[in-house]
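Thanks for coming. I will walk through a few regions of one structure and then stop.

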Amino acid sequence: MPEAPRTPASPPASARPPAPGGPAGAGPPPAGPSAGANRVGAPEPAPAEHPLDNPARSSLTGPHARFAERRGRVLRYRPDVTPWLALPDDPGPQDWADVAALAGAGASLTLTAFREPPPADWEIVFHATGVQMVDDSVAAEPDREASLLGPADVPEMLDLVARTRPGPFLPRTVELGTYLGIRRAGVLVAMAGERLHPSGWTEISAVCTDESARGQGLAGRLVRAVAHGIRERGETPFLHAAASNTSAIRLYESLGFTLRRTTSFLSAIVPPDTPVPGDVRTPDRRAGNLEQVGR
């Protein structure tokens, strides 16, 4: 684990996301002939939020909008895809009521990059510090032994996840992006793939290796291979890890990732007596296991 956050060097030009205001920019240009002028006494414009500051929300309002469920200002992925839920930056009582209605009374929910804790009567079942790391100098390259995984491979993928516990992985998580795996004697023993997708960035996730195949460098090879595909699209890889998972952090640093910031992961349970309107979906209670999130 790094002793303190470091400012990462700029990614290679071929891997950088478009600058704000470009084809995938943060917003439209200023309106009016003098809107961009820095007049005396006028307040300086607020800096645009970085897409990785709230990556789940950036994904669900961008490239992953097709997976989004919304209530008010609250967004979440469909519960069989991935458990991440995205709050606005300034959640208030109505937002938490919308979270409860969207998730369902008694359901567990998963948050990251949140700025306000849940209401006092919500049960916190998991809360840990994490790190967000970005590609600085990853030697991205394809891997000849890696095969593309798809829906037909999901039973094997879920079995590997159950053995290795890399973090949340659900039956439709494979739809979020490219997943690559390595088999030995016909058995899937290692995999890695893509999860959150803010514009210009793609998260590498579900990095895991069966105990029988550890020590062979498979995780590093797969991360470089997934990073290669992300770079080929003109995007920049990033990833998350639990701050306590020092072995994973050392691996990612050795591959060329640098720390961008620290963050938090939290699972909480909506109070069972929370009133739920009749038009809300049946709650999903499988989403709270973040024990080794971001491995």
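I start with a strand pairing: S2 and strand S3, residues 84-86, pair in the antiparallel sense over two bridges. Please keep in mind throughout that this is a predicted model. Within that pairing, the bridge partner of Leu75 in S3 is Ala86. S2 and S3 form a hairpin, with six residues between the two strands.

S2 also has a partner in strand S1, residues 68-71; the two run antiparallel and are joined by four bridges. Here Glu69 has Arg76 of S2 as its bridge partner. S1 and S2 form a hairpin too, with two residues between them. Gly72 sits in that turn, and its phi is positive, about 60 degrees.

Now the side chains of S2 itself, which covers residues 74-77. Which way do they point? Val74 and Arg76 point one way, Leu75 and Tyr77 the other way. Every one of these four is buried, Arg76 included.

Next, helix H2, residues 93-103. How many of the eleven residues of H2 are buried? Eight of them are, so the helix is largely enclosed by the rest of the structure. The buried set is Asp95, Trp96, Asp98, Val99, Ala100, Ala101, Leu102 and Ala103.

On to helix H5, residues 246-255. Its buried residues are Ala248, Ile249, Tyr252 and Leu255. Looking down the axis of H5, these buried residues fall within an arc of 125 degrees, so they line one face of the helix. Arg250 and Ser254 are on the other side of H5, and they are exposed.

The buried residues of H5 pack against several elements. On the strand side there are S5 (123-135), S9 (201-209), S10 (236-242) and S11 (257-269). Helix H4 (218-232) is also in contact with them. H5 is followed by Gly256, and here again phi is positive, near 115 degrees.

In S5 it is Asp135. Is Asp135 buried or exposed? Its relative accessibility is 0%, so it counts as buried. The Asp135 side chain has a polar contact: it reaches the backbone nitrogen of Val138 at 3.0 Å.

In S9 the residue is Ala206. Ala206 has a positive phi of about 55 degrees, although it is not a glycine. That deserves a remark because most residues other than glycine have a negative phi. Ala206 is buried, with a relative accessible area of 6%.

There is a second case of this kind, Arg165. Its phi is near 55 degrees, again a positive value in a residue other than glycine. Where is Arg165 found? It is in the loop between helix H3 (154-164) and strand S7 (179-184). Arg165 is partly exposed, with a relative accessible area of 36%, whereas Ala206 is buried.

In H5, the buried residues line one face. That is what I have; questions are welcome.

Note on methods: Residues numbered from 1 in each chain as written. Predicted model: local features only at pLDDT ≥ 70, side-chain atom pairs only at ≥ 80, totals over all residues. Heavy atoms only, no water. Buried < 20%, exposed > 50% of the residue type's maximum accessible area, 1.4 Å probe, protein only. Arc of directions from axis to C-beta. Contact = heavy atoms within 4.5 Å. Pairing = 2+ DSSP bridges. Polar contact = N/O pair within 3.5 Å; in protein donor to acceptor, adjacent residues only side chain to side chain.
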